[in-house]
Each structure stands twice: as C-alpha cells, then as structure tokens.
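I opened this structure to take notes on a few spots in turn. The entries follow the order in which I looked things up.

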Amino acid sequence: MSRSVQTAAKIPPAGRWAVEASVPACLVPQRLAGIDQDGLARISLTVADGRIEAIEAVTGSSDALSTGMVFPSFVELHTHLDKGHIWPRRRNPDGTFFGALDNVTLDREAHWSAADVAARMDFSLRCAYAHGTSAIRTHLDSIGKQIGISWPVFAEMREKWAGSIELQAVALFSIEHVADRAHMSEIAAALRTHDGILGGVTYMVPELDQGLDTLFRVAADNGFDLDFHVDETQDPTARSLHHIAEAVLRHRFAGRVTVGHCCSLARQEEDEIKATIEKVAEAGIAVVSLPMCNLYLQDRVSGRTPRSRGVTLLHELKAAGVDVAVSSDNTRDPFYAYGDLDALEVFREAVRVAHLDHPFGDWPKAITATPASVMGIDAGRLRVGGPADFVLFKARNWTELLSRPQADRIVVRNGRAIDTTLPDYEELDALLGGGSSDLPASNHP
C-alpha cells in the first residue's frame with residue numbers, strides 16, 4: 001500500500017491530528033526555519049476542530065502522519081463555467097480563436113437553457129472540488145436572453161456550493177455592447193442583484209476609450225470591481241491593456257481591476273512593453289495568464305508550427321510589482337478542447353511554458369495566495385487559526401510533484417479527507433448527445 005493511501009486512511013473524521021510535510025515557504029505567513037534551495041520547508045501541521053492549530057518546524061521524530069508535500073487549497077481566478085464541457089456537441093473545427101467564438105455562439109443560442117447551464121456548471125465544480133480548489137471566479141456570457149438565464153443559475157450554484165467552493169462571477173460581453181444603454185442597464189441590475197463583477201472583452205476599436213469610460217463610470221457608481229479579457233491576439237498593435245491602465249488612472253478608480261490574457265504584450269517592441277508595464281503597475285492592475293488555453297488558440301495556422309507560446313510577460317510584470325496569477329480558463333469547449341479545472345495542472349504547465357522555476361521562488365502563490373488576494377478572500381495560504389483546507393501529495397519535491405498528475409493526492413477540507421472521485425463524463429451524455437455533435441460546426445473565414 002502506498003504512503004498516500006495509508007495517510008488518507010489514517011486521517012480521522014474529527015478531532016485533533018497532525019501531518020508532517022514539505023511546504024512552499026511562501027504559502028505560510030509565519031517565518032519558517034530550514035528552507036531549502038527550492039523554497040521548501042519541512043513542517044508539522046496540527047489540525048483541531050477543522051482548523052489549523054499549529055505550524056511548526058520539524059525538529060525530530062513525531063507521531064504526525066508523514067507525507068511528501070502540502071499546498072493550501074487552490075484558487076482559480078479566471079474560468080468559464082457556463083461554457084464547460086460543450087465540446088461533444090460543439091467542437092472547434094480548426095482550433096482558432098474565431099472558430100471558438102463562432103461555435104460557442106451557435107451552441108449558446110441553441111442549447112443554453114437554465115437546466116443545461118446548471119448541469120454543466122455543477123459537473124465542473126465537482127471536478128474542481130475533487131482536485132482541491134476552494135475558490136473560483138467565472139466569467140459568464142452576458143448578452144441578450146443569457147443574462148436572465150446564466151446569472152440566476154450562478155446564484156443557485158453559489159448557494160449550493162457555499163462552504164465548499166467560494167464563487168464569484170464576471171459579466172462578459174464585447175466592448176461594442178457598452179454603447180447599448182439598455183444592455184448596460186440590464187447588466188448593472190444583474191450585477192447588483194447577484195453581487196457580480198463588471199467585465200468585457202477589449203480590443204482596438206475606435207470606440208475603445210469611450211467604452212472604457214462608460215464601464216469605469218458604471219463600476220464607480222455601483223461599487224463594482226472590473227475584470228477584462230484583454231488583447232487575446234498575436235497582433236502587436238493590440239494595445240488595449242495600455243488604454244485600460246490609463247483609464248484606471250484617469251478615473252482614479254478605487255475598485256479592483258483584473259485583466260486576463262494580454263497575449264499581444266509579448267509581441268511588442270521593448271519600449272512599448274516597458275511603457276505599458278509601468279502603467280499597469282502604477283494603476284495597480286492584477287494580471288492573470290491562461291497558459292493552456294493561450295497555447296491552444298494563439299499563433300495557430302494550419303500546417304505550420306506555432307512560433308509563439310501566447311503567454312503574457314509574467315516575469316516582467318511580476319518584477320514591476322504587478323500581482324500575477326495563472327488559471328484554467330476554458331474546459332472542454334471550443335476555446336480549449338481539454339482541461340479538468342485541476343489547478344495543479346495549470347501550475348505544472350505554467351512552470352514548463354513560462355519557466356517559473358530555477359528558482360521557483362514565490363511562483364506557487366500564482367495559483368493560491370495571489371488570486372485569493374485579487375478576489376478579496378481569505379484563502380490560498382496555510383496559517384494558524386485558518387481553516388484546515390489543504391492538499392497533500394506523495395511527491396516530496398518539485399521534480400516529483402510536476403512530473404506526474406498526482407492523481408493520488410489527498411484533499412482535506414475542514415480537517416477531513418474528502419472523496420476525490422471525479423464525476424464520470426457519461427453523466428453528461430444525455431445533455432450533450434452521447435458525445436456526437438448535433439449541429440454542423442462553423443468555420444470562420
């Protein structure tokens with residue numbers, strides 16, 4: 001029997017117990033002794049009544065359960081729970097961004113009833129929970145009739161999952177919709193009702209600055225935070241990130257502002273990059289990169305190997321003092337055909353793609369403490385007095401942790417090991433047509 005199975009079996013359903021494990025020191029607020037060259041420290045973590053009672057350096061043998069590594073529960077800052085798992089009925093025929101956009105639109109118009117959205121959302125949340133995630137921010141397509149469908153469903157999911165996964169939602173629509181007063185009035189009403197976040201997709205259109213001014217005014221008037229999809233393209237002339245930073249400063253906006261993707265930043269000249277990053281840092285904007293989805297969509301040309309990874313300039317942004325996170329983005333839909341809302345997979349791929357290693361430093365915060373801070377929630381760290389929500393791995397160091405999927409992980413919530421059995425895809429067959437597409441795919445010209 002493996003050590004992880006033994007450890008899981010020995011975790012009591014209640015009472016006081018302790019586990020010995022290595023932890024990324026950046027994820028523990030208190031000072032730790034014995035931090036190694038990879039930023040790991042060996043600790044004994046004591047749990048009592050569902051909370052962390054003590055975190056102490058390991059000084060000798062003890063009665064604590066022994067395992068490899070421990071992480072706090074994960075935090076996903078950018079997902080699309082409303083789109084999840086529609087691939088079997090609506091695939092992307094060419095793997096491009098516009099192929100994704102067209103086919104999600106077709107599927108939304110044909111199928112996104114409240115029952116459809118709720119079933120797929122709940123399936124996704126069960127996956128995330130089993131993998132060890134305790135907080136998720138999702139973007140919701142908020143156009144036309146979908147506003148009145150997806151937001152009430154989200155409210156139901158937030159209530160259903162309260163205490164297990166903390167949920168936030170962002171209204172998603174393109175910048176052109178901002179000029180429609182009726183649309184913005186409906187959006188503002190939905191966000192006030194459901195405690196939502198104002199969002200939007202920005203790109204270089206003539207009305208960009210005017211649209212941003214409207215969004216910032218609506219956000220300020222209603223106390224909304226802002227979260228944008230930004231420059232999801234390989235076009236180096238796409239500079240809406242710079243415009244957003246200027247809008248934050250122009251409006252002296254006091255709320256939180258988050259931006260996702262920012263792919264084109266990596267394609268620009270050094271002087272443009274420097275000027276934009278300085279503005280982003282001055283404006284206090286947080287940046288979330290979606291490495292798996294960006295790898296899938298960006299720089300895709302049929303018959304040609306991609307030249308660009310599509311990932312924004314994480315190191316440079318972080319060095320400038322910008323809060324930087326990574327997240328899953330889409331899951332088994334036309335924007336990304338794969339994924340399972342496993343934050344460890346996101347971190348593993350981000351490390352490989354963006355070289356978040358040698359040293360690892362505090363990069364583990366990108367999927368834990370940093371997104372929690374951006375969301376304004378108490379999560380993503382292991383602290384005395386905090387909830388005993390963490391993930392135990394048999395892996396003893398980084399190379400072991402990131403070399404395998406860690407399917408034998410132990411997820412502890414409120415001091416108890418949970419059932420980590422993942423939901424079966426067959427559950428969705430009746431909803432999705434048994435794995436076959438029921439509508440012809442759209443090819444964008």
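Entry, Gly415. I found Gly415 in the loop between β14 (410–413) and β15 (416–417). The model is predicted, and I read every value below as computed from it. I then looked up what Gly415 touches, leaving aside neighbours within four places in sequence. Its contacts are Ile11, Pro12, Trp17, Val47, Gly50 and Ala388. I also took the separation of the C-alpha atoms of Gly415 and Arg16, which is 8.8 Å. These two residues are 399 residues apart along the chain.

What is the volume of the largest pocket? I noted about 770 Å³. The largest pocket is lined by 37 residues, and Phe97, Leu101, Val201, Tyr203 and Glu232 are the closest to its centre. I asked which elements each supply at least two residues of this lining. They include α2 (97–111), β8 (197–202), β9 (226–230) and α9 (291–297). Helix α2 gives the most to the lining, with six residues. By type, I sorted the lining of the largest pocket into 15 nonpolar, 13 polar and nine charged residues.

I went on to the second largest pocket, with a volume of about 330 Å³. Its lining has 20 residues, and those nearest the centre are Ser134, Asp378, Ala379, Pro387 and Asp389. The division here is seven nonpolar, six polar and seven charged.

Rolling a probe the size of a water molecule over the atoms shows where empty space is left. I searched the whole structure for cavities of 30 Å³ or more, and there is one. The volume of this largest cavity is about 30 Å³. Which residues line the largest cavity? I listed Asp231, Ala238, Arg239, Leu241, His242, Leu265, Gln268 and Thr276. Three residues of this lining are nonpolar, three are polar and two are charged.

Entry, cores. I looked up the largest nonpolar core and found 102 residues in it. Leu198 and Phe228 have the most contacts inside this core. Helix α11 (residues 343–354) gives the most to the core, with eight residues. There is also a second, separate core of 22 residues, and among them are Ala25, Val70, Leu382 and Val412.

I returned to Phe228 for its contacts, not counting residues up to four places away in sequence. Phe228 touches Gly199, Gly200, Thr202, Leu212, Leu215, Phe216, Ile244, Val257, Thr258, Val259 and Gly260.

Entry, Thr79. Thr79 lies in strand β5 (residues 74–79). Its relative accessible area is 1%, which means that I count Thr79 as buried, the cut-off being under 20%. Leaving out residues up to four places away in sequence, I listed the contacts of Thr79 as Ile136, Arg137, Thr138, His139, Ser327, Asp329 and Leu341.

Entry, cysteines. How many disulfides does a search of the whole structure find? I got zero. Cys26 has a relative accessibility of 19%, and the cut-off for buried is under 20%, so Cys26 counts as buried. Cys262 is in no disulfide, and the nearest cysteine sulfur, that of Cys263, is 7.6 Å away. A disulfide needs sulfur atoms within 2.5 Å, so I did not pair these two cysteines. Cys262 is buried, with a relative accessible area of 1%.

Entry, backbone. His261 has phi near 80 degrees, a positive value in a residue other than glycine. His261 lies in strand β10 (residues 257–261). At 1% relative accessibility, His261 is buried.

His358 also has a positive phi, of about 50 degrees, and is not a glycine. I placed His358 in the loop between α11 and α12. Is His358 buried or exposed? Its relative accessibility is 73%, so I put His358 down as exposed. The peptide bond from His358 to Pro359 is cis, with omega near 5 degrees. Pro359 is found in the loop between α11 and α12 (369–375).

Methods. Residues numbered from 1 in each chain as written. Predicted model: local features only at pLDDT ≥ 70, side-chain atom pairs only at ≥ 80, totals over all residues. Heavy atoms only, no water. 1 Å grid on protein atoms, 1.4 Å probe; cavity = no way out; pocket = protein on both sides within 12 Å on 5 of 7 lines; lining within 4 Å. Points joined across faces, edges and corners; volume = space filled by probe spheres on them. Nonpolar A, V, L, I, M, F, W, Y, C, P; charged D, E, K, R; others polar. Core = buried A, V, L, I, M, F, W, Y, C linked by side-chain atoms within 4.5 Å. Buried < 20%, exposed > 50% of the residue type's maximum accessible area, 1.4 Å probe, protein only. Helix = DSSP H or I, 4+ residues; strand = E, 2+ residues; numbered from the N terminus. Contact = heavy atoms within 4.5 Å.
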